[in-house]
Amino acid sequence: MKLRIFALLVAMIMLVIGCIAGCNGNSTNESSKVTEPVNQTTVTTAAPTETVAPEPTKPAEPTKAPSPRLITEEITSPNIADNNMMGDTGSVKIFVYLPPNYFDSRESYPVVYFLHGHGETPGAFLKDSQTYLDKMFSDGEPAFIMVAMSGTGATLGSFYVNSPASGNWEDCLIKEVIPYVDANYRTLAKVESRGICGFSMGGFGAMNLALRNPDVFSAVYAMSPGIMKDDALSEAMKTWTGDTAFLQSYARAFAPNLEGSNFYGDIPTLDGTKADNQIAAKWYTGFGNWSKKLDAYLALKTPLRAIGISYGTTDSYTWIPSGSAYYVDLLRENGIEPTVCTFNGGHRMPLDAIQAHLGPFFLENLDLE
């Protein structure tokens, strides 16, 4: 009995020792293993296929700011600075319009010069006309450069003539502005490719300068120009009543007086006296005397290719329609057939001045290459 109990105890001891050994036998090796969570699925993947990394995206070319095609420049004119009584420094602004394809081509272009009216802002017409010029010259159509110059300075209105009181504005344009433009832009620097136009005071200036310089300009277009018949000064003076700035500017341009006037010019009273008649005669040398101007032009024997003129039949400056019609008759009497546009309107440019008048006129009458 005692022997049986002892054997049972030995068996139980051996069983306990075996269980302990079974639980701890690999403790050193297994202690470093991480047991995965029960619900986690282990996915075995094949070795990845080698792929070519995409080339880095090339940065887009920076958008280039378009080169300005309406450029404002400023020059100093000795012809004005050294020849005026107004203390004018001779600073002259030049406004240059370049066609849409100017910077994409190597071609040279004709040039049309525009002269503004008295009291107008220099360069305003060109700024207002850029869209119309661009549209007209789009799609590779023949084009021209257009240039406007300031005609004001200290005198307020130069009338684009040479005067010891207000400066030598004709010489400024002919001897300084045109050579500057030809030297700095791709122009067709020849008379056959150069035109001139203007409005009001500038219309007078354009017509006067073209007749005096047919070796510089080959075509001219004047809009509502300062042109009067030789008996129209009294009528014109009535339309200038109260316009002191205009009267004094005109006096400096055409009846300069460097000593006896505080504005360096004489204004006629039209009282019929000998002294006043002499002043009036000087005033006619401006907007009048077109028969003499035309005779002097014909004597040069260098004909302009084309002369154009437009005016409103109800212009408040009543002497302009009659003076323009008179001038057209003078041209025809001398065998010159001008381009003429009359419209029912006042002192302004014709409607669609660029698209319907100036553009077609100069593209037809200037050498384009």
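Helix α11 (residues 319–333) has 15 residues, which at 1.5 Å a residue should span 21 Å, and the end C-alpha atoms of α11 are 21 Å apart, in agreement with that value; the expected span is taken as 1.5 Å times one less than the number of residues in the helix. Helices (H or I, at least four residues) and strands (E, at least two) are DSSP runs, numbered from the N terminus. The model is a predicted one, in which local features need pLDDT of at least 70 and side-chain atom pairs count only at pLDDT 80 or more, whereas totals for chains, interfaces and linings use all residues. Residues are numbered from 1 along each chain as its sequence is written, and side-chain values use heavy atoms, with hydrogens and water left out.

Just after α11, G335 takes a positive phi of about 80°.

An open sheet of mixed pairing is formed by 8 strands in the order β1-β2-β4-β3-β7-β8-β9-β10, where two strands are taken to pair if DSSP finds at least two bridges between them. Its edge strands, β1 (70–76) and β10 (339–343), each pair on one side only. Neighbouring strands of the sheet are turned by 15° against each other on average, direction ignored. Strands β8 (residues 219–223) and β9 (residues 306–312) run parallel and are joined by 5 bridges, with M223 standing opposite S310 in β9. Helix α11 packs on the sheet, where it touches β9 and β10, and its direction makes about 155° with that of β9. Helix α6 (residues 201–212) lies across β3 (111–115), β7 (194–199), β8 and β9, and runs at about 150° to β7. For these angles, axes are lines fitted to C-alpha atoms, for helices over the stretch in contact, and the values run from 0 to 180 degrees between N-to-C directions.

Leaving aside neighbours within four places in sequence, L173 is in contact (heavy atoms within 4.5 Å) with Y113, L115, M149, I178, P179, I196, L209 and F217.

The structure holds 6 salt bridges, each defined as a side-chain nitrogen of Lys or Arg within 4 Å of a carboxyl oxygen of Asp or Glu. In one of them, the side chains of D134 and R69 meet at 2.9 Å, N to O; D134 lies in helix α4 (residues 124–136) and R69 in the loop between α2 (27–30) and β1, so that the pair links distant parts of the chain, 65 residues apart. Both D134 and R69 are buried. The side chains of R212 and E170 also meet in a salt bridge (3.0 Å, N to O); R212 belongs to helix α6 and E170 to helix α5 (residues 169–184), and the pair therefore ties together parts that are 42 residues apart in sequence. E170 counts as buried, at 7% relative accessibility. In the salt bridge between E337 and R332, the closest N and O atoms are 3.1 Å apart; E337 counts as exposed at 56% relative accessibility, and R332 as partly exposed at 41%. K190, R305 and D367 are linked in a network of salt bridges.

Conventions. Buried means under 20% relative accessible area, exposed over 50%, partly exposed in between (1.4 Å probe, protein chains only).
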